[in-house]
Amino acid sequence: MQVKIEFDGVFNMQVDDSATVGDLKNQIQQTLGLMRPRLVYNGALLDDQKTLYSYQIPNNSCIIVQEMYSIVCWVSDTINGVTLTAPYNLVVHRHNTFADLKYLLHKAYGIDMTNRKFYPKVEIPSFEPPDLCPLHLVKVDAGCPVYVSQK
């Protein structure tokens with residue numbers, strides 16, 4: 001079967017429909033040089049262990065590729081006048097928003113994100129990106145620190 005791979009353009013790839021999603025990821029990694037691709041079809045995240053056939057993906061369908069990368073969120077808390085800052089690792093993609101980061105920090109680490117603000121650049125602590133701002137618009141890339149403090 002042939003699938004269309006959408007990542008900074010559209011690429012056609014030939015793949016056996018009995019191949020697993022993991023097999024397709026390996027092919028994408030070799031072809032596009034991506035380290036951590038995540039595949040999405042019709043809004044659903046595809047599981048590496050399942051076959052493409054199990055998702056009933058028709059020939060010439062489009063599969064979205066999202067390159068995943070790690071960032072570190074430095075979360076500060078002030079308790080009894082002492083400020084403590086701790087690093088929290090998150091795996092994200094460039095279209096995640098700051099609202100997504102709030103959700104991920106709460107879900108993965110139990111951090112209460114009410115009354116918190118983000119500032120992606122330590123040099124500009126007064127800039128607070130809106131919740132729906134995608135990470136790539138403020139240049140939050142792999143390894144980029146994001147700072148979180150109380151409002």
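Mentor: Buried means under 20% relative accessible area, exposed means over 50%, and partly exposed lies in between (1.4 Å probe, protein chains only). The model is a predicted one, in which local features need pLDDT of at least 70 and side-chain atom pairs count only at pLDDT 80 or more, while totals for chains, interfaces and linings use all residues. Residues are numbered from 1 along each chain as its sequence is written, and side-chain values use heavy atoms, with hydrogens and water left out.

Trainee: How many salt bridges does a search of the whole structure find?

Mentor: Side chains of opposite charge can pair when their charged atoms come close. A salt bridge here is a side-chain nitrogen of Lys or Arg within 4 Å of a carboxyl oxygen of Asp or Glu. Searched as a whole, the structure has a count of four.

Trainee: How many residues apart are Arg 116 and Asp 77?

Mentor: Arg 116 and Asp 77 join their side chains in a salt bridge at 2.8 Å, N to O. Arg 116 belongs to strand β7 (residues 116–119) and Asp 77 to strand β5; strands are DSSP runs of E (at least two residues), helices are runs of H or I (at least four), and both are numbered from the N terminus. The pair therefore links distant parts of the chain, with a separation of 39 residues.

Trainee: Where in the chain is Lys 102?

Mentor: The side chain of Lys 102 forms a salt bridge with that of Asp 131, at 2.9 Å, N to O. Asp 131 sits in the loop between β7 and β8 (145–150), 29 residues from Lys 102. The pair links distant parts of the chain, and the place of Lys 102 is helix α2 (residues 98–109).

Trainee: At what N to O distance do the side chains of Lys 151 and Glu 128 meet?

Mentor: Lys 151 counts as exposed because its relative accessibility is 64%. Glu 128, at 37%, counts as partly exposed. These two side chains form a salt bridge with an N to O distance of 3.7 Å.

Trainee: How many residues does the second, separate core have?

Mentor: In the largest core, Phe 118 is among the residues with the most contacts. Leaving aside neighbours within four places in sequence, Phe 118 is in contact (heavy atoms within 4.5 Å) with residues including Phe 98, Leu 101, Leu 105, Met 113, Phe 127 and Val 146. A second, separate core includes Ile 5, Met 13, Leu 24 and Tyr 41, and its count of residues is 18.

Trainee: How far apart in space are Ser 149 and Met 13, C-alpha to C-alpha?

Mentor: Ser 149 lies in strand β8 and counts as buried, at 13% relative accessibility. Beyond its neighbours within four places in sequence, Ser 149 touches Ser 76, Asn 115, Arg 116, Lys 117 and Tyr 119. Ser 149 and Met 13 are 136 residues apart in sequence, and their separation in space, C-alpha to C-alpha, is 45 Å.

Trainee: Near what value is the phi of Asn 60?

Mentor: Asn 60 is in the loop between β4 (44–45) and β5. With a relative accessible area of 39%, Asn 60 is partly exposed. Its phi is positive although the residue is not glycine, with a value near 65°.

Trainee: In which loop does Asn 80 lie?

Mentor: Asn 80, a residue other than glycine, also has a positive phi, near 55°. Its relative accessible area is 77%, so Asn 80 is exposed. The loop in which Asn 80 lies is the one between β5 and β6.

Notes: A nonpolar core is a set of buried Ala, Val, Leu, Ile, Met, Phe, Trp, Tyr and Cys residues joined through side-chain atoms within 4.5 Å.
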